[in-house]
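Have a look at the structure first, then read on.

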Amino acid sequence: MHHFDVILVFVVIVFILISLYKELMGAAFTFFIAVVVLGIFGVLTPSEILAGFANEQIAVILMLLLLGDAIRQISVIEIFFNKIFPRSSGQKAFLARIMLWIGGFSAFLNNTPLVAVMMPYVHTWSKRNNVSPSKILMPLSYAAILGGCVTLIGTSTNLIVNGMVVDQTIFPDMEPLHMFDFFWVGFPMLIIGFLYLFFFSDKLLPNRVPIIDDVTVSDRKYLVEALIRSKSKLVGKTITESGLGSEKGLFLAEVVRDNYTFQVIDKDFILKSGDILRFAGESEDIVNLLSDGSGLTLPNVGMMTKLKRADVIEVVISHNSTLISKTVQEVNFRGRLDSSLLAIHRNGERISGKLEDIKLKAGDVLLLLAGDNFTEVSKGNMDFYLISKVKEVRKPELYKIWTLFGGTLLAIFLSALNIIPLFMGLIVVLILINLLNVVNAKDLPKSLDYNLAVIIALSLALGTAMIKTGVADMIADFLISIFFPHGNLAVLFGIYAVTSVLAAYITNKAAVAIVFPISLTAAYNLELNPLPFALVVSFAAAANFITPIGYQTNLMVYGPGGYSFKDFFRLGWPLTIIYMIVTVLILNYMYL
């Protein structure tokens, strides 16, 4: 029976590898089938299969995902990025700023939503500056990965390994991993990785037009009117100094001053308070004018900019619309439809005059800022048809920002000092943001990645099976026989290489599930400190650069960047080798 158990575990491991590599079924279902088979044949007991679901680190991962989505919901990160990135000038400066900020944030926040928030900025900036997004998106993903490896909570992979450390029985007295156990490798590699990407990414990455440009980007140019406020930062600046002509992606067509219209705008034209600026631009560029940092007011919007939440939408005037031949002022969008007109597009035709005096025509495309009641009051309305929702605009309240950010950072800080467990700190923060209505409590569960929780829990069960049957011992002894004659350093290199390859071509969660018990068994058989053997697995699985499927942020930029597998290999292979060398040398120096 013992021999049958060993053979069965090997068969299950091969099944997992083939299924994930060939994408025969989802990762969660693959692990589910594997563990159920082990349960049916008695290799695992029901309690051993279910034990992983009670693991504290799974709960911590899910709570961090919830807090990350809450941060996304109140748009505070987006507002912060709005203030930082538009001021960048030049490809190198923009790249450096992205990598520094994203790398820093990723050490303490889930890196997946950070990359999701930054991707539209990268694409818009690239289009404005005639730079291929393929030069920026992959370094963006790599910076998020590098930053995530600096702390325990930076990436779910580190938390999964910590969960396995807590559950393992090979070293009963082994302490859980601490917040900054990863720092001594992660931080130096954040710096080295930054320098590598800064100097070599442009040379190694292709200059490629992404698919998204051909499919989703509209070339509609809207006319929008903006007023320079009396205390605006733009007062007294030239067009060049203001950055209105290029930085915001808008074309300044006219300036109206004291009822006189300037149609030919010199770059040294000095802006004054009360000037009305008429721009031509695309929908996403116009939305940026709504931010408090733009220095501009959209006269037709008025108090609607104070709404806590609104949608920017595109509608087209129908051919039998009652709005045809009415001026914008006569329509009264605010009173009639709980919305305000931001801009208008008329199929390439030049529109002149004040926005409020323009008479609408059939086929006009309007960009509206719509309040909560827009959907209800426009139901059944045949005057226009909804084309798309461009963006959701939120005005986060200060107390919400402080509660969410301050609470999360305090929980992390207290956990790092071992004052309270991270689990308890995050629970308190989640209770507070619900009690204070920082986010909608009903919306939070929608952001949970239940598949991730299932994969982690079942991975722990697979590790238990490998240890119980002696499979982990057998594989560890095999690796030791190959690498140990060359020293402890070679064993760490071997474990890193095996984990990295598995993570690159299946998933990093599966790689950790398979290699972690082998790595700790190797440490036990060699009578060595188990900590570096746990950390080396974590770094090898998380620092995954050589394929798009190896890490979620790589997969996110794969299509939008127009990349091929070879592009990831070309830029990621040298970085993977550098990371492996630095990791193994530092861990060997510190712990062995």
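This is a predicted model: local features need pLDDT of at least 70, side-chain atom pairs count only at pLDDT 80 or more; totals for chains, interfaces and linings use all residues.

Residues are numbered from 1 along each chain as its sequence is written, and side-chain values use heavy atoms, leaving out hydrogens and water.

**Confidence**
- The chain's mean pLDDT (the predictor's confidence in each residue, from 0 to 100) is 79, with 83% of residues at 70 or more.
- Residues 210-218 have pLDDT below 50, and beyond near neighbours in sequence this stretch has 15 contacts (heavy atoms within 4.5 Å) in the model.

**Helix 17 and helix 18**
- Helices here are DSSP runs (H or I, at least four residues), numbered from the N terminus.
- Helix 17 (residues 398-416) and helix 18 (residues 422-435) have axes (lines fitted to C-alpha atoms over the stretch in contact, with angles from 0 to 180 degrees between N-to-C directions) that come within 8 Å and cross at roughly 165°.
- So helix 17 is roughly antiparallel (over 145 degrees) to helix 18.
- Among the residues that meet are Gly 407 and Ala 411 in helix 17, and Gly 425 and Val 429 in helix 18.

**Helix 8 and helix 25**
- Helix 8 (residues 137-148) and helix 25 (residues 565-591) pack at about 25°, with axes 12 Å apart.
- That's why helix 8 and helix 25 count as roughly parallel (under 35 degrees).
- Met 138, Tyr 142 and Leu 146 in helix 8 meet residues of helix 25 including Phe 568 and Leu 575.

Methods: Helices (H or I, at least four residues) and strands (E, at least two) are DSSP runs, numbered from the N terminus. Angles under 35 degrees count as roughly parallel, over 145 as roughly antiparallel, 65 to 115 as roughly perpendicular and the rest as oblique.
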